[in-house]
Amino acid sequence: MTMKHISLLSFTSTLITATLLTGCNDANNVSSSSPTKDYSIAHPVTVNLLNRHIVNNDAAYIPAQCYTKTAGKDDKIHNPCFSCHTEGLAPNYINDSAFQMEYDFRTYSRTNRWSNLFKDRSVDVAKISDAEILNYVRTSNYINEKDEITLANRLAKVPEQWDVNQDGKWNGYTPDSYFNFDQEGFDVAPDQQDTGWRAFAYAPFFGTFWPTNGSTNDVIIRLPETMRQDDSGNYSRQIYKLNLAIVEAMITRKNIAISNTDEKRYQVDLNRNGVLDNSTAVIYNWAPTEGKQMSYVGMAKTLQQQNKLHLAAGLYPEGTEFLHSVRYIDQKENGGIQLADRLKELRYAKKTSWNKYSQLYNAAMGEEFESTQFPDRLRRVIGNSEEGVINGLGWTYQGFIEDQNGNLRPQSFEESMYCIGCHSGLGATTDSSFAFARKLGSEQHQAGWFHWTQRGLHGVPEPKFPDGSWQYTEYLLQNHSANEFRNNEEVIAKFFNADGSVKNAEIDILHNDIGHLLLPSPERALTLNKAYKVIVDEQSYIYGRDAHVKPVTTSWDIVPIDEKTGIKSPVIHN
Amino acid sequence: MKLKTLNLAMLMALSASTLSLTGCGGEDGVDGIDSSTGIGLTDIQVSFAPVALPVDSITKNDIQFTTEAEVTTATQTTNLQTVGYTKLIATGETNNGETFGAVKNYLGNPIQFADTSEYICNGTNDGVGSGLDHFSILEQGDNLYMISQFECQIGAMYMSKLDQDSTTGALSVAANSLKFIDQSPEFGGFVHCAGQTTPWNSHLGSEEYETDARMVEADADISGITGDKYYDETAMFWSTDSSKDDATKLNPYYYGWTPEVQVDGSTDAITYMKHYSMGRFSHELAYVMPDQKTVYLSDDGENVGLFMFVADTAGDLSVGTLYAAKWNQVSDAGLGNAVMTWIDLGHTDSASIRAILDPDTDITTNDAPKFSDIFATETPNPDGSCPTLTAVNTSAGNECLQVADINNDTFIDAADEVIASRLETRRYAAMQGATTEFRKEEGITFNARDNKLYVAMSEVARGMEDNMKNGAPETKYDLGGNNDIKLDYNKCGGVYELDLAADSTIGSAYVAYSMKGLIAGTPTDYSANAVLSANSCDVNGISMPDNVTFLEGSDVLVIGEDSSLHENNMMWSYNIKDKSLTRIFTTPLGAETTSPFWHKDVNGFSYMTTVTQHPDIGTVQNGETETGVIGTFNFN
């Protein structure tokens with residue numbers, strides 16, 4: 001753990017960096033308006049996908065979690081902030097750890113426009129029966145009974161109200177994973193062909209991404225077609241597996257075990273022993289300034305040599321895709337919980353351009369410069385509902401979310417802005433993303449290549465930070481709770497004593513089984529599902545999409561000027 | 001609207017300076033214009049075909065420019081001139097083995113990152129990052145030169161030659177002509193912003209956002225690293241690789257000055273210098289007046305000043321007297337109206353100040369002063385006053401200061417004062433009573449015919465308000481300061497007009513004695529308008545003006561924007577007589593319009609330069625900052 005001394009004077013500039021602002025509307029006359037909408041009568045929000053019009057929140061890229069009041073009862077300080085706001089590892093040149101100590105919002109964004117946080121859904125939730133919600137979450141809105149991807153069918157004849165440029169075609173991502181994974185984690189289409197998608201298991205990121213806080217999730221990866229091909233351009237799962245292992249090595253900066261491989265076949269010294277022999281690992285040994293290069297295999301090797309495909313530590317090759325489904329929480333017959341067939345959201349990311357370290361460095365410094373010059377300027381997000389939004393660092397993001405009938409529809413521009421706050425400008429990300437860098441290692445089940453529907457979170461050991469400390473335990477100790485809103489009473493009762501100290505016996509269990517912390521009881525799962533269903537009925541995502549029944553009491557509605565979090569020095573675990 | 005009479009203090013201040021209001025500002029020209037500069041005052045009538053407001057994806061994603069100008073001059077009957085936009089060079093392009101925008105270290109080597117990529121001041125492929133801000137066109141000998149300056153925390157400058165088509169006037173960058181300008185003898189460069197082609201055809205640049213030396217002294221660890229990324233980045237200049245762990249060679253007083261590049265037209269030889277004589281602050285632009293002695297200096301930031309330098313010798317900016325402006329408010333209507341007085345900050349020369357920065361004349365040894373060598377300090381009282389020292393409020397906030405014995409001669413005297421006036425110009429000016437409340441002062445330009453100076457103010461906010469921030473009560477920008485400026489908040493900013501006159505005490509024919517609003521942007525609520533909702537200043541008016549350039553002899557003041565409150569940044573032709581505003585250029589989404597500068601007569605052809613900075617990916621310019629000219633006009 002490194003603790004860098006940062007003086008108050010330097011914060012103001014350091015802090016501002018994190019928000020990667022490129023400027024937009026800066027309404028400064030809003031502080032007097034109340035952020036709390038009256039949803040006592042749930043009028044559905046009318047969603048227009050065809051324009052970039054912002055209905056509620058010009059700063060929709062700042063998630064609701066950032067408005068958490070860090071000072072709790074008896075002035076106890078809660079620090080969930082360290083999860084995201086930390087010292088990045090190059091080529092993530094963001095160091096936003098000072099955000100742990102000071103809110104430092106802009107004039108506009110001091111107002112918390114995620115007004116759903118303050119809504120009491122008790123009455124609406126009570127109207128939904130257990131059977132009704134279970135039936136709902138168990139009904140897939142992704143795959144139909146003919147094994148077709150429902151949304152892909154719809155996009156094939158794009159509805160006019162989704163077609164931003166009115167060209168009669170869908171120009172965004174068309175879902176093409178069947179979520180049908182084999183014993184190596186590969187997604188197999190009904191015609192028995194690999195779709196290229198591969199599931200991996202990972203230690204879910206902190207707080208919000210734990211099922212106990214609202215949703216089950218998965219993330220799958222796909223490398224570009226050329227990285228799945230041999231020299232002749234033919235698909236080769238073996239080559240694809242090797243390239244995925246190489247990417248894993250570059251992202252985690254660790255050696256990755258592979259099945260015994262004859263390096264001569266690929267003409268790549270995977271184990272870096274100086275000769276082409278048999279290798280059981282991709283050895284991470286990359287320092288090009290010292291002449292230490294690494295190489296992809298197959299067609300990708302050639303393209304890399306031609307500078308058409310790139311390899312560098314901490315970066316994905318261009319063309320990499322991620323698909324992340326956010327789902328309701330289903331329960332098993334025996335009482336455990338599992339991923340629901342119904343998706344709340346389908347989130348997609350594609351790396352559309354390669355940026356060198358120096359470019360990423362300049363981007364981080366350029367934001368610093370911009371924020372110094374324009375301390376009230378909001379970030380201007382580029383994109384639209386059809387093509388997705390870009391984060392400025394090479395990635396395009398697109399999301400689909402349930403319409404009022406529970407079918408997936410594209411997110412509006414304002415809803416899409418929500419992606420950008422977490423997928424840029426944070427110290428915690430690796431090439432703008434979270435999950436793959438947290439992939440389970442090769443010592444785990446199927447070397448970490450499996451989908452959560454194949455095996456759940458139970459039995460997965462607690463991850464550690466590079467400094468050896470336990471990650472989730474640290475979160476519980478720093479935050480004194482299980483999520484940013486501190487409204488997860490189930491985990492609080494399970495892991496904390498009445499005096500606020502953690503229960504060591506529970507922590508001991510957690511070390512060997514993250515499911516012990518991350519999975520809710522079936523009863524809680526039902527309640528969270530119902531709470532979210534109310535948002536779906538209202539289509540009120542632009543006011544917040546966090547599942548809770550009672551109003552959140554730990555969020556600022558307007559963050560006071562110059563408000564400090566009370567955290568004295570940043571917690572950094574690099 | 002409240003009108004006030006001048007108070008006694010103001011009258012006294014005015015009387016200290018000997019203004020001569022007669023014989024100036026007339027239509028018949030101004031004394032002191034050197035005919036050798038070629039500035040003619042012939043009357044030119046110009047109007048431009050307007051560019052429509054970009055409202056669709058095609059016009060929003062590309063450069064739009066005026067295609068036609070109606071021109072009348074003394075020698076030309078009214079005629080329509082078809083004009084176009086010509087790109088010159090974009091960052092990342094190579095020429096003569098150099099990459100346009102590549103940044104180098106103090107040894108002249110590229111700065112290499114761990115993936116072996118070299119540092120180019122150019123951001124990501126998506127257009128996020130810093131880049132080129134300004135380029136000048138210089139005529140020397142038989143050659144045309146282009147000097148470009150980059151706005152990264154390690155500054156860079158490049159020179160190239162321009163080819164000019166003798167028939168059409170079309171400009172292009174000459175093959176194999178790009179050269180890196182070595183700035184290392186003057187500690188390297190820093191955040192180069194706007195610039196000017198001086199009357200003697202040199203490039204006068206700027207170093208913006210000088211680092212607060214007090215912060216550095218308080219925060220630097222044993223390796224000189226402060227945690228302030230803006231400052232720490234420059235450590236890479238002093239490194240042999242891309243590491244910035246060692247900032248021991250770095251000193252904040254090395255940056256925040258005015259560089260000048262002169263080119264010898266017969267040998268292409270470059271002379272690089274920094275004018276330490278003109279003070280250290282957040283230089284947006286240094287603008288030389290026709291006397292080649294008077295220079296106006298804008299200070300871009302929060303709670304900043306406005307400065308004027310008067311050189312001893314025309315064409316030599318290395319020796320002279322620096323002055324700071326005081327705003328004596330007369331009216332708070334609109335952008336306000338004030339009598340301007342000038343506070344003498346002392347006379348010195350660049351060599352003397354450089355000797356303070358580098359006593360052993362070895363740039364690699366950090367022997368420049370620390371903040372505490374310049375000032376003694378104490379903690380201000382809660383009301384902003386000081387127990388014993390002088391209270392100020394500048395970009396560094398409310399402080400209590402006293403000049404120290406900087407030169408260690410056991411006396412605190414005029415010699416120390418003049419060092420403080422250059423190394424800590426803004427703080428020192430505030431101590432002398434100057435106004436340090438301006439907010440984001442940007443471009444400067446001059447109208448010789450009417451003897452008026454124009455200064456853009458990106459927004460009227462903070463220090464320029466009366467104990468307010470963006471219209472809400474907030475004392476911190478005025479606490480302990482003069483609170484000279486008391487205006488209403490205007491997030492859309494405006495352009496000021498300054499009347500000039502000869503001042504025999506100051507020894508210049510171009511001393512501003514008044515400053516008042518010329519044109520302001522208008523905050524407009526488009527939130528219910530699905531097409532225009534990304535705008536919040538009137539789309540038919542200016543928003544957050546940045547660089548400005550006046551077409552000599554005409555009524556045309558061109559105003560460029562750097563605004564988040566217009567979805568597409570625009571350039572406007574403002575007619576100072578009939579007050580009409582014509583949109584003549586729009587940048588693609590994400591881009592700022594920097595560097596507009598009229599070159600009225602380049603071998604008989606006229607151009608206006610532009611830089612389209614940081615366009616979005618997906619635009620036609622696709623993320624790359626590019627230089628270009630609008631033309632060819634004929635104003636002769």
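Which residue stands opposite Thr390(B) in β26(B)? Leu401(B) does.

This is a predicted model, where local features need pLDDT of at least 70, side-chain atom pairs count only at pLDDT 80 or more, and totals for chains, interfaces and linings use all residues. Residues are numbered from 1 along each chain as its sequence is written, and chains are lettered from A and ligands numbered from 1 in the order in which they are written.

**View 1. An open sheet of three strands in chain B runs in the order β24-β26-β25, with antiparallel pairing.** Strands are DSSP runs (E, at least two residues) numbered from the N terminus, and two of them pair if DSSP finds at least two bridges between them. β24 (375-378) and β25 (390-394) sit at the edges with a single partner strand each, so one side of each has no neighbour in the sheet. From one strand to the next, the twist averages 45°.

**View 2. Zoom in on β25(B) and β26 (residues 397-403) of chain B: they pair in the antiparallel sense over five bridges.** Here you'll find Thr390(B) opposite Leu401(B).

**View 3. Over in chain A, the axes of helix α3 (residues 130-137) and helix α14 (residues 522-538) come within 10 Å and cross at roughly 75°.** That makes α3(A) roughly perpendicular to α14(A) (a label for angles of 65 to 115 degrees). Helices are DSSP runs too (H or I, at least four residues), and axes are lines fitted to C-alpha atoms over the stretch in contact, with angles from 0 to 180 degrees between N-to-C directions.

Methods:
Parallel < 35°, antiparallel > 145°, perpendicular 65-115°, else oblique.
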